[in-house]
Amino acid sequence: MLWGKFCVAMAVFGLAACEQSTRLEPLQEGPPLEDGTAVLRDGVDQMIVGHRLMDSGEYELALRAYIRAAGEQGLTAETLSSLGSANLALGRLGQSEDQLRQAIELDENFVPAWNNLGVVLMEQGEYGEAMRVFQQAFALDSGQSDSIRENLRLAIARMQNTGYTDPQSYNSLDLERRGGGRYLLLYGP
């Protein structure tokens, strides 16, 4: 009787058809893994996995985790922003810019996407647009983030100094994740 109710419930929700079979089939997931290969289990939040991989500098693996998260959660502003951040770290500026702009289209108040788009634009030498993007991020954040303020300061400085700079004094840009999927721009020699 219970099995019949379960099958009716499955049919109502459009899930798999029920059979009166107790035989279980093993899942076919591909070739066997080599010894020592890490296996991700069900129930692991792929966004967290991606953030941790970004923190450890494993950008390609982080990108894969973010792709899995997008498959599970859909293309949200957070997943698109994370994909864009991983692509930025991998030097794929065009892909990163596209994904970050899509994230902003989905949620125009998502501060990390604005900040990370500013980082991409700085990397591309688009200092004017980067400054406007950082201003938007700063306004949405109500000026609470020192990192966005510093990003804005750097964009303004780069706009004012469009001449030749000594390679030794050039500040390189880097991306660092802060809690909640937020990244900040680091610069240094």
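Let's start with S142, which counts as exposed because its relative accessibility is 55%, over the 50% cut-off. This serine is found in the loop between α7 (127-140) and α8 (146-160). In this predicted model, S142 has a positive phi of about 55° although it is not a glycine. As background, most residues other than glycine have a negative phi.

G74 comes after α3, with a phi near 90°, and G91 comes after α4, with a phi near 85°.

**Helix α3**

Helix α3 takes in residues 59-73, so 15 residues by the helix assignment. From the first C-alpha to the last, α3 reaches 20 Å, close to the 21 Å expected at 1.5 Å a residue. Which residues of α3 are buried? They are A62, L63, A65, Y66, A69 and A70. These residues sit on the same side of α3, because they cover an arc of only 165° around the axis. On the face turned away from that buried side you'll find G71 and E72, both exposed.

**Helix α4**

Now for α4, which runs over residues 77-89. How many of the 13 residues of α4 are buried? The count is 11, so α4 is mostly covered, with buried meaning under 20% relative accessible area. The buried set is A77, T79, L80, S81, S82, L83, G84, S85, A86, N87 and L88.

| Pair | Angle | Distance between axes |
|---|---|---|
| α3 and α4 | about 165° | 9 Å |
| α2 (residues 46-55) and α4 | about 25° | 11 Å |

With an angle of about 165°, α3 is roughly antiparallel to α4, because angles over 145 degrees count that way. The crossing of these two helices is left-handed. On the α3 side, the contact is made by Y59, L63, Y66, I67, A69, A70 and Q73, and on the α4 side by T79, S82, L83, A86, N87 and A89. Some of the α3 contact residues are also on its buried list, among them L63, Y66, A69 and A70.

For the other pair, the angle of about 25° is under 35 degrees, so α2 is roughly parallel to α4. α2 passes α4 in a left-handed crossing. M47, H51 and M54 of α2 meet E78, T79, S82, S85, A86 and A89 of α4 in this contact. α4 residues including T79, S82, A86 and A89 take part in the contacts with α3 and with α2.

**Two buried residues to look at**

S81 lies in helix α4. Is S81 buried or exposed? S81 is buried, because its relative accessible area is 1%. Leaving aside neighbours within four places in sequence, S81 is in contact with L100, A103, F110, P112, A113 and N116.

E97 has its place in helix α5 (residues 93-106). Although its side chain is that of a glutamate, E97 counts as buried, because its relative accessibility is 16%. Not counting residues up to four places away in sequence, E97 touches L117, V120, L121 and Q124.

Technical notes:
Residues are numbered from 1 along each chain as its sequence is written. This is a predicted model: local features need pLDDT of at least 70, side-chain atom pairs count only at pLDDT 80 or more; totals for chains, interfaces and linings use all residues. Side-chain values use heavy atoms; hydrogens and water are left out. Helices (H or I, at least four residues) and strands (E, at least two) are DSSP runs, numbered from the N terminus. The expected span of a helix is 1.5 Å times one less than its number of residues. Buried means under 20% relative accessible area, exposed over 50%, partly exposed in between (1.4 Å probe, protein chains only). The arc is that of the directions from the helix axis to the C-beta atoms. Axes are lines fitted to C-alpha atoms, for helices over the stretch in contact, and angles run from 0 to 180 degrees between N-to-C directions. Angles under 35 degrees count as roughly parallel, over 145 as roughly antiparallel, 65 to 115 as roughly perpendicular and the rest as oblique. A crossing is left-handed if the near helix is turned anticlockwise from the far one by less than a right angle, and right-handed if clockwise. Contact means heavy atoms within 4.5 Å.
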